[in-house]
Each structure stands twice: as C-alpha cells, then as structure tokens.
Amino acid sequence: MSLIDDAKDFAKQAGSKVADTARDIKDKATDKASDLVDKAGDALNEAKAKADVAKAEAAKKATEVKNDAKEALRENAEN
C-alpha cells in the first residue's frame, strides 16, 4: 500500500470513530431527555391525583355540612 492509501484508511477509520462517538452522545442525550419527560409526566400525574383527592374531600365535607344544616333545620322544626 502506498502512503496515500494508508492516509485514506486512517482518515476513514477516524471518521467512523467520530461518527460512532457522536451517535453514542446523541443516544445518551435522547435517553436523558426521555427520562426527564417521564419524570415530569409522573409529577404532573401525581399533582392531578392530589388535586382530585382534595376535590373529593372538599365535596365530602360540603355534603356533611349540608346534611348537618338540614338536620339542624329538622330539629328546629320539630321543636
């Protein structure tokens, strides 16, 4: 082989290694971004669930207060 052929092979191998490294970096970055999106989605779902629980508890309390008021009215009507 000539010196030029050796240089071409070296450049080709170096280019392949650079491309492989760039692909690995891109894959790692994509995985990290995907993980962050998943964590954000989980946090959002948790916040929604907590809001739903708070809403249900508030509705329960409102019903209890309403029922207590009705009971008080019935007791006053009987007296």
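The model is predicted: local features need pLDDT of at least 70, side-chain atom pairs count only at pLDDT 80 or more, and totals for chains, interfaces and linings use all residues. Residues are numbered from 1 along each chain as its sequence is written, and side-chain values use heavy atoms, with hydrogens and water left out.

**Stop 1: Asp20 and Arg23.** Select this pair in helix 1, a DSSP run of H or I with at least four residues. A salt bridge here is a side-chain nitrogen of Lys or Arg within 4 Å of a carboxyl oxygen of Asp or Glu. The structure holds three.

**Stop 2: the negative patch.** Now select Asp24, Asp27, Asp31, Asp35, Asp38 and Asp42, which gather on the surface. Patch members have over 30% relative accessible area and no salt bridge, and like charges are joined within 9 Å. Zoom in on Asp31, in helix 1 (residues 3–78). Asp31 is partly exposed at 48% relative accessibility; buried means under 20%, exposed over 50%, and partly exposed in between (1.4 Å probe, protein chains only).

**Stop 3: Glu46 and Lys50.** These two sit four residues apart, about one turn of the helix. Their salt bridge has its closest N and O atoms 3.3 Å apart. Glu46 is partly exposed at 46%, while Lys50 is exposed at 56%.

**Stop 4: Glu71 and Arg74.** Finish with this salt bridge, whose closest N and O atoms are 3.4 Å apart.

Definitions and conventions
Patches are made of residues with over 30% relative accessible area and no salt bridge: like charges are joined within 9 Å, nonpolar side chains (Val, Leu, Ile, Met, Phe, Trp, Tyr) within 5 Å. Accessible areas come from the Shrake-Rupley method with a 1.4 Å probe; for residues, only the protein chains shown count as cover. Lys and Arg count as positive and Asp and Glu as negative; His and the chain ends are not counted. The place of a charge is taken as NZ of Lys, CZ of Arg, CG of Asp or CD of Glu.
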